[in-house]
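Please read them alongside the coordinates.

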Amino acid sequence: MKILVTGATGRVGANLVTRLLEAGHEIRAFTYPGDASRAHKLDAFPRVETATGDLRNLEDVSRAVQGVDAIYHLAAAFMAPFDNHQYLEINAMGTLNLLESVRAHCPNLHRFVYASTVAVYLRLEENGRYFEEPIHEDMHSSYHQMPYFLTKWVGEELTMAYHYQYGLPAASFRFSTIIEPSEFFNEAGLPKLLAFSSAYEQHKSMQCNDPDTQVMLDHLNAQWTGNDQLLLSRNPNGVPYKEHFSDVRDIARGLVLAIEREEAVGEEFNLAGDVIIDWGQAVPRLAERFGVSYTDARLPTPVHYTLDLTKIRTRLGFEPLYDLHSVIETAEAIRRGEETDVVPTGIRYGQV
């Protein structure tokens with residue numbers, strides 16, 4: 001098949017493209033003009049055609065979809081420097097432009113695959129991600145934070161509405177937080193996710209009117225010495241952080257199933273790897289492994305969840321392959337300059 005991939009030079013996109021090529025498909029990569037510096041990464045891949053354009057431009061999108069058999073829509077505005085209007089224009093209206101272009105030019109499209117996010121489950125009124133039980137697909141929040149969370153949800157709603165209204169063979173995959181192994185370590189050689197410096201940089205300028213929250217922030221900041229170590233992050237209730245992550249390779253593997261399995265059509269799936277980090281268990285173990293100290297602190301934003309993968313396992317036959325140990329091994333191999341099966345692209349604005 002000839003497959004259009006929006007955001008093809010991003011973390012997920014580049015790793016997905018390699019697997020689609022290995023399966024014998026041809027790729028048309030839709031790239032944003034401002035991302036020209038990374039478009040050359042696709043030059044080494046056979047059977048990749050590049051179409052440059054902006055999701056906000058209907059003519060660009062219409063040209064990109066013509067003649068393709070399937071579409072993976074991965075590109076999105078993410079993080080700074082976008083404002084709320086741009087998020088809506090790119091993530092919501094950009095998705096609408098794709099869907100309308102498919103209606104006009106691709107009457108026999110095999111599959112439209114939308115990249116969604118675990119953020120659709122986060123409850124706006126609770127300002128955090130704390131769930132006692134694994135999250136399954138019907139637990140999406142009634143309200144979503146602006147701008148990224150809400151606009152990704154709008155894109156998913158549009159995609160599935162076009163499935164039911166116009167018969168578009170669509171599927172949506174809700175990713176957990178993605179780890180790309182080349183980004184795993186910080187400059188000090190410590191896991192970014194667990195490094196004290198990461199939490200300190202995020203919270204050092206935060207001020208809060210709530211006395212209990214301010215006590216947490218003051219305690220965190222007082223422990224910073226300028227020398228990095230690991231942090232056993234705790235929720236406001238004292239329970240250690242727990243979060244479900246995905247190696248980018250597992251995300252790519254799951255997405256390939258979207259075009260191979262007819263059972264994907266009309267469905268939303270949780271898609272995650274086997275990297276479930278419980279800070280209370282992982283931090284002491286990794287501190288010993290890397291020969292560093294660790295401390296602990298309560299943080300104001302709750303984080304405690306895993307994703308239920310029953311649906312994607314039973315309907316699509318997906319099984320994650322990569323756990324925290326394999327991520328670390330691959331990350332260390334990349335630091336040594338060895339070849340791995342990861343395309344190390346790094347996070348960029350406009351990519352997933």
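1. His25 touches Met1, Ile3, Leu20, Arg47 and Ile259, leaving out residues up to four places away in sequence; contact means heavy atoms within 4.5 Å. His25 sits in the loop between α1 (11-22) and β2 (26-31). Helices (H or I, at least four residues) and strands (E, at least two) are DSSP runs, numbered from the N terminus. The relative accessible area of His25 is 11%, so this residue is buried; buried means under 20%, exposed over 50%, and partly exposed in between, with a 1.4 Å probe and protein chains only. From C-alpha to C-alpha, His25 and Ala80 are 34 Å apart in space and 55 residues apart in sequence.

2. On the basis of the values: this is a predicted model, in which local features need pLDDT of at least 70 and side-chain atom pairs count only at pLDDT 80 or more, while totals for chains, interfaces and linings use all residues. Residues are numbered from 1 along each chain as its sequence is written, and side-chain values use heavy atoms, with hydrogens and water left out.

3. The protein chain has 11 helices and 14 strands. Its radius of gyration is 21 Å, close to the 20 Å that the globule rule gives for 352 residues, so the chain is as compact as a globular protein of that length. That radius is taken over C-alpha atoms, and the rule is 2.2 Å times the number of residues to the power 0.38. The C-alpha trace spans about 60 × 45 × 40 Å along its principal axes.

4. Of the 352 residues in the protein chain, 55% are buried. Among contacts between residues at least 6 apart in sequence, 79% join residues at least 24 apart. The chain exposes about 15,200 Å², of which carbon and sulfur atoms supply 48%; the areas come from the Shrake-Rupley method with a 1.4 Å probe, and for residues only the protein chains shown count as cover.

5. Charge: the protein chain carries 31 positive and 48 negative side chains, and the centres of the two sets lie 3 Å apart. Lys and Arg count as positive and Asp and Glu as negative, with His and the chain ends not counted. Each charge is placed at NZ of Lys, CZ of Arg, CG of Asp or CD of Glu.

6. Which residues touch the most other members of the largest nonpolar core? They are Val5, Leu20, Tyr72, Phe112, Phe173, Phe175 and Leu255, in a core of 73 residues. Helix α8 (residues 248-260) gives the most to this core, with eight residues. Apart from it lies another core, of 28 residues, among them Leu190, Ala199, Leu220 and Trp279. A nonpolar core is a set of buried Ala, Val, Leu, Ile, Met, Phe, Trp, Tyr and Cys residues joined through side-chain atoms within 4.5 Å.

7. Beyond four places in sequence, the contacts of Val5 are Val17, Leu20, Ile27, Arg28, Ala29, Phe30, Tyr72 and Leu74.

8. Thr159 belongs to helix α5 (residues 148-166) and counts as buried, at 0% relative accessibility. Not counting residues up to four places away, Thr159 touches Thr95, Leu99, Phe112, Tyr114, Leu168 and Ala170. Glu180 is 21 residues from Thr159 in sequence and 27 Å away in space, C-alpha to C-alpha.

9. The peptide bond from Met146 to Pro147 is cis, with omega near 0 degrees. Most peptide bonds are trans. Pro147 lies in the loop between β6 (129-130) and α5.

10. Val275 is in strand β12 (residues 275-278) and is buried, at 0% relative accessibility. With residues up to four places away set aside, Val275 touches Ile179, Glu243, His244, Phe245, Asp247, Tyr322, Asp323, Leu324 and Val327.

11. Phe184 is placed in the loop between β8 (177-179) and α6 (196-203). Is Phe184 buried or exposed? Its relative accessibility is 3%, so Phe184 counts as buried. Beyond four places in sequence, Phe184 is in contact with Ile179, Leu190, Pro191, Lys192, Leu193, Leu324, Val327, Ile328 and Ala331.

12. Thr306 occupies the loop between β14 (303-304) and α10 (310-316). Thr306 counts as buried at 14% relative accessibility. Leaving out residues up to four places away, Thr306 touches Glu133, Pro134, Ile135, Lys242, His244 and Ile276.
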